[in-house]
Amino acid sequence: MTHLSDVQKRMLRTILERGADSASQALSRWLGQEVHLKLGDVDQVELEQAAEALGPPETLVAACRMGLTGPLGGSILLCFKDRAGLALVDLLLRQPLGTTVEWGEVERSAAMETTNIVGCAYLNALAAHLPSGLGASGELAPTPPVFLHEFAGSLLQFALMDQALELEKVLLVRTAFETATPGDELEWTLLLVPDAPSLAALASALPGSDAS
């Protein structure tokens, strides 16, 4: 199993922080109000730990998964606790928070389009700032998002089924979503899940490995 050093995780966080800035600007335009994404630390955790980060196993969680194509393979997932995801829909539809109470077609489309905006911002940052050979080709691109609504304890098994056999750890990036309204801070969780060859390539390309 490939492990990123603490230095490499901090470097990756710096790159993703640029993506968060771009995503904040894009989301502000998309939602019609100022929003800001605050990035937490980048952690490399066991799949079970990542599931725990989504909440108690019996908690319903919404998530949108996009596959990665190009120099990095794998998946990127944006996960929302139901309250946060439905609040996002309320913001998008310009209605009071708490109005949306279930995931219909419109609500799912809103979540997927938002994921597309956020995911592309992060991937553009990776493409622009990863070392040559990974991002510099400019071909890092996502597949269309797929909406999932599952219990927190089983969501990742469904979302990452095609990677489950080789997957031991994922890169967990907690992201807080703030609007200009005091008290509106909604937690999202971003999971960047490179496949095994891509994780090894990341570990080799980013300076500061434990082996260097």
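Mean pLDDT (the predictor's confidence in each residue, from 0 to 100) is 82 for the protein, with 88% of its residues at 70 or more. This is a predicted model, in which local features need pLDDT of at least 70, side-chain atom pairs count only at pLDDT 80 or more, and totals for chains, interfaces and linings use all residues. Residues are numbered from 1 along each chain as its sequence is written, and side-chain values use heavy atoms, leaving out hydrogens and water.

**Confidence by element**
- Where pLDDT is low, the predicted coordinates should not be read in detail.

**Layout**
- The protein has 6 helices and 7 strands; these are DSSP runs numbered from the N terminus (helices H or I, at least four residues; strands E, at least two).
- Their order along the sequence is α-β-α-β-β-α-α-β-β-α-β-β-α.
- Of the contacts (heavy atoms within 4.5 Å) between residues at least 6 apart in sequence, 74% join residues at least 24 apart.

**Burial and surface**
- Buried residues (under 20% relative accessible area, 1.4 Å probe, protein chains only) make up 50% of the 212 in the protein.
- The accessible surface (Shrake-Rupley method, 1.4 Å probe) is about 9,700 Å², and 52% of it belongs to carbon and sulfur atoms.

**Helix α3**
- Helix α3 (residues 82-92) is largely enclosed by the rest of the structure, because 10 of its 11 residues are buried.
- The buried residues of α3 include D82, G85, L88 and D90.
- R94 follows α3 and has a positive phi, near 55 degrees.
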